[in-house]
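Subject: Structure for you to look at

Hello,

Here is the structure I promised you. Please open it first, then read my notes below with the model beside you.

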Amino acid sequence: LWVIEVDWTDNHLLISSTYLCLLRAPAPGPLRHSRDGVFHLLSEHNDNIGCSRPRYEVRNWPLHFLFLFSAGMGHEIFYITCLPCIHWNLDPFLCRRLVNMWTMVMYIGQLMKDLLKLPRPPSPPVVKLETRVDVEYGLPSTHAMAATAISFTVLLSAQSRFQFPFQVGLMVAVTMSSLVSLSRLYTGMHSVLDVISGVLLSAVLILLTYPYWEAIDQFQLSSPLSPAVGLMLPLFLSYTYPDLGHYSTTRGDTTTILGAGGGCFAGYWVSERLGPTIEPGGPLPAPLPTLTLHALAWGAARFLVGVLALVGTRQVVKTLSLRVLYAWYKVPRNDSSARRRKEIEVPYKFVTYTAVGLVNSILVNRIFVLLGLS
């Protein structure tokens, strides 16, 4: 909370200001003590009231790092490393369901942000610990939406695949989604209303789509139209994304999500025809894998190989697609701002992350088989 007290004494405007939050932050300028015990707010350069970016002091480092880590679970580095691990080390079925729900929920959340155009919390009073998405609108919180969708999609889908106490799974899902949601308040990126709206919207989408998950699986894996729908629909949605009249990272981020989702949607159809690679053995639901040293070592090896494959694919395809687009539109290679143009940003991001999705769903597990890591 940013508390300001104003008093008029002897023809002087006296202002007292205090931050009350987990991050203790000073006023936006030095405070000069007056004779009557009230502080006079000054700017750094003159005696006019100023407002600069507030500094802050971390009072609880464990909570600080916990919330920063939790906020990171809504960023690209998490999606390109940890989510595919479910495919590589547990069950491709769960990853397929997860990616489908994540793509839908994130697209709807990003679209609602740019249609509603409700701002993020102002700073001050909040202290913002992230800057990249500060120009985006606030409601709903897509971090909260994604965390809720990921946690509860895995929980609901895993019941038919693995044996585990449902109460434990529910506790884990609630904990994970709560940590990510609370991290958006801590980092100053969303209001309470943004977060609650994101959680509720994601819950409604899960409830509305849950009865159709099996039908979507059948269409995705068996219909000859599946690859075309999986690629053309996300491409169409990327190009028809609302134009805000100014640059925002939402269009690029949404194209990234749709590209990855479309690549996985088509890739799982291809993978089904090539034959299964890593699947739970025996009758379902199967017991959860035992965490032995051998299993952990094999899992770490698959993780490293998989991440190298996805990150390598991302870098190669991104570089090649940008070179082709820059040459096509006659843009100098050193003009990094050209990446913000719609005719360049949408195709390069969509092609790049479609390739990532295809490699994850088709090639990575087959690389494991060739390397003896299956």
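**What I found**

S361 touches H87, G263, C264, G267, Y268 and S271, leaving aside residues up to four places away in sequence. Touching, or contact, means heavy atoms within 4.5 Å. S361 sits in helix α11, residues 342-371. S361 is buried, with a relative accessible area of 2%. The cut-offs are these: buried is under 20% relative accessible area, exposed is over 50%, and partly exposed is in between (1.4 Å probe, protein chains only).

A word on the source. This is a predicted model, in which local features need pLDDT of at least 70, side-chain atom pairs count only at pLDDT 80 or more, and totals for chains, interfaces and linings use all residues. Residues are numbered from 1 along each chain as its sequence is written, and side-chain values use heavy atoms, with hydrogens and water left out.

**Salt bridges**

Side chains of opposite charge can pair when their charged atoms come close. How many salt bridges does a search of the whole structure find? The search finds six. A salt bridge here is a side-chain nitrogen of Lys or Arg within 4 Å of a carboxyl oxygen of Asp or Glu.

Take D91 and R161. Their side chains meet in a salt bridge, at 2.7 Å from N to O. D91 lies in the loop between α2 (76-89) and α3 (92-116), and R161 in the loop between α4 (142-158) and β7 (162-163), so the pair ties together parts that are 70 residues apart in sequence. Helices (H or I, at least four residues) and strands (E, at least two) are DSSP runs, numbered from the N terminus. D91 is buried, at 0% relative accessible area. R161 is buried too, at 13%.

Next, D217 and R96. This salt bridge has its closest N and O atoms 3.6 Å apart. The pair links distant parts of the chain: D217 is in helix α7 (residues 213-222) and R96 is in helix α3, 121 residues apart. D217 is buried at 5% relative accessibility. R96 is buried at 8%.

Are R341 and E343 buried or partly exposed? R341 is partly exposed, at 33% relative accessibility. E343 is partly exposed as well, at 29%. The two form a salt bridge, with the closest N and O atoms 2.8 Å apart. Elsewhere, salt bridges that share partners join R96, R97, E214 and D217 into one network.

**Two helices that cross**

Two packed helices are described by the angle between their axes and the distance between the axes. The axes of α3 and α7 come within 11 Å and cross at roughly 105 degrees. That makes α3 roughly perpendicular to α7. Axes are lines fitted to C-alpha atoms, for helices over the stretch in contact, and angles run from 0 to 180 degrees between N-to-C directions. Angles of 65 to 115 degrees count as roughly perpendicular, under 35 as roughly parallel, over 145 as roughly antiparallel and the rest as oblique.

Which residues make the contact? From α3 come F93, R96, R97, N100 and M101. From α7 come W213, E214, I216, D217, Q220 and L221.

**One more residue**

P227 is in helix α8, residues 226-239. P227 is buried, at 17% relative accessibility. P227 touches A266 and W269, again leaving aside residues up to four places away in sequence.

Best wishes
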